[in-house]
Amino acid sequence: MNAPQAPSISVIDPINPAIEWARTILFRPFDLGKWFVIGFSAWLAQLGSGGGNGGGGGRDGARYNVDPGNLRHEIDHVWRYVTANLDWIIPVAVAAAVVFIGLWLLFLWLSSRGRFMFLYCVARNKAEVTNPWHRFQHHASSLFAFRAVLGLITLGAAIAPFVLGGIVVSVSTVTLGFTPLTILAIVGAVIYFLAVLIVSGVIAKFTKDFIVPIMYLRAVSATEAWRSFLDVLSVNKGRFALYILVQMAIAIAITTMMVLAACCTCCLAACLFALPYIGTVVLLPVHVFTRSYSLYYLAQYGPQFNVFEPQRGETTATNP
C-alpha cells in the first residue's frame, strides 16, 4: 500500500535548522570533551567508508604501446606465467581475500554500531558511547547483515562481467587480435560497472540517511525499514532525486571549503583532516550538519519520521 504524497517538502528548508542544531550541539556551550565523544561516534560511523581518491590512473599512459601484436604477446606471456605458478598464486590470493573480507566485515560491523551511536548523539544532543552502543546492538546487527549482503551483491554484480569479459577479451585478442569489437566490449563492461556503482551508492546513501533513522524510531529490521521507506519513495521519486542532487551540491561545497582551508593554512588543515580520528573531530561541525540535514528532511514526511521527538521518556538537552 502506497503512502500518500507529502504536501510540502523542501530540500532547502532543512538547511538552516540543521546549521542551528549543529551550533546548539557543539557551541552552546562549547565543550571539548563533548566534541571528542561525539567525534568518536562519528568516526566509528564512517569507518571503512571514507576511501582515498584513488587517483593513480592515467599518468604514465605514454609508456604503454597499444600495438595489437605486442598486446597479444603480453597477454600470452602473463597467461603462461600464471599457469606455471598456480601452486603459490592460489594460496596467496585466497589468504589475501580472507584477510580483506575479514577486515571489511569488521569495519562494516563497527560502522553499523557507530551509525546508531552518532544518530543518537545528534538526535538527543548527548555525548554518550556506552548507552547507545548497548541499546542499539540489535538494530546494528540487522543493519550490518543488510549492508554485508548489499556489498556482496554489488561486488558480484560489478566483478562478474569483468571476469567473463576479461576471459573473452583475452582469448579473442590472442586469436583474432585487438579489434573494434574488443574495444566495444571493454566500454560496455565499464558502463555496466559504473551503473552498478551508482545504483549501489544510492541504496547505501538512502540506507544511511533514512533507513537508520526509521530503524531507530520503530525498532525494526533493516528490511522492514526499507519496506516502510519504499512506500514513501514510490510516490516521491522526484523529491528524493532532487535530494540526491542537493546532497551532491552540499558535498561539493564542503569539499571546496576544505580545499580552501588547506590552501590557506599551507596544507596544515589537510594534514589534520587526514588523521583518522582527529580529522573527524576537527570536521565534527560538518558531520553533525550533514546528519542533521538528512534528519530534518525526513521529518517533513510526517511526525512518524521525526527522530528529534523524545523516545519513551527521554528528553533532549535543548529541543531543536
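Of the 320 residues of the protein chain, 34% count as buried, where buried means under 20% relative accessible area, exposed over 50%, and partly exposed in between (1.4 Å probe, protein chains only). The model is predicted: local features need pLDDT of at least 70, side-chain atom pairs count only at pLDDT 80 or more, and totals for chains, interfaces and linings use all residues. Residues are numbered from 1 along each chain as its sequence is written, and side-chain values use heavy atoms, with hydrogens and water left out.

**Overall build**

- The protein chain holds twelve helices and zero strands. Helices (H or I, at least four residues) and strands (E, at least two) are DSSP runs, numbered from the N terminus.
- From the N terminus on, the order of elements is α-α-α-α-α-α-α-α-α-α-α-α.
- Take the contacts between residues at least 6 apart in sequence: 79% of them join residues at least 24 apart. Contact means heavy atoms within 4.5 Å.
- Accessible areas come from the Shrake-Rupley method with a 1.4 Å probe; for residues, only the protein chains shown count as cover.

- Helix α1 covers residues 15-27, which is 13 residues. From first C-alpha to last it reaches 18 Å, close to the 18 Å expected at 1.5 Å a residue. The expected span is 1.5 Å times one less than the number of residues.
- The buried residues of α1 are A18, W21, A22, T24, I25 and L26. Their cover includes α2 (32-45), α4 (86-124) and α12 (284-299).
- Helix α4 has 39 residues and reaches 56 Å between its end C-alphas, close to the 57 Å expected at 1.5 Å a residue.
- Just after α4, N125 takes a positive phi of about 55°.

**The nonpolar core**

- The largest nonpolar core has 54 residues. Such a core is a set of buried Ala, Val, Leu, Ile, Met, Phe, Trp, Tyr and Cys residues joined through side-chain atoms within 4.5 Å.
- F206, Y216, F229 and F240 have the most contacts inside this core.
- Elements giving two or more residues to the core are α1, α2, α4, α6 (137-176), α7 (180-218), α8 (222-233), α9 (237-264) and α12.

**The nonpolar surface patch**

- F27, F30, L32, F36, L268, L272, L275, I278 and V282 make a nonpolar surface patch of about 780 Å². Patches are made of residues with over 30% relative accessible area and no salt bridge; like charges are joined within 9 Å, nonpolar side chains (Val, Leu, Ile, Met, Phe, Trp, Tyr) within 5 Å.
- The elements that give two or more residues to the patch are α2, α10 (268-274) and α11 (278-282).
- L32 sits in helix α2. L32 counts as partly exposed because its relative accessible area is 47%.

- A262 lies in helix α9. A262 counts as buried because its relative accessible area is 11%.
- Leaving out residues up to four places away in sequence, A262 touches C267, L268, A269 and A270.
- A262 and L272 are ten residues apart in sequence and 9.4 Å apart in space, C-alpha to C-alpha.
- T154 belongs to helix α6 and is buried at 14% relative accessibility. Beyond its neighbours within four places in sequence, T154 is in contact with V196 and S200.

**Salt bridges**

- The whole structure has three salt bridges. A salt bridge is a side-chain nitrogen of Lys or Arg within 4 Å of a carboxyl oxygen of Asp or Glu.
- R23 pairs with E20, the closest N and O atoms being 2.8 Å apart. Both lie in helix α1, three residues apart, about one turn of the helix.
- E20 also bridges to R28, with the closest N and O atoms 3.1 Å apart.
- R23 is partly exposed at 39% relative accessibility, E20 at 34% and R28 at 45%.
- D209 and K205 form a salt bridge at 3.1 Å, N to O. Both lie in helix α7, four residues apart, about one turn of the helix.
- D209 is buried, with a relative accessible area of 3%, whereas K205 is partly exposed at 22%.
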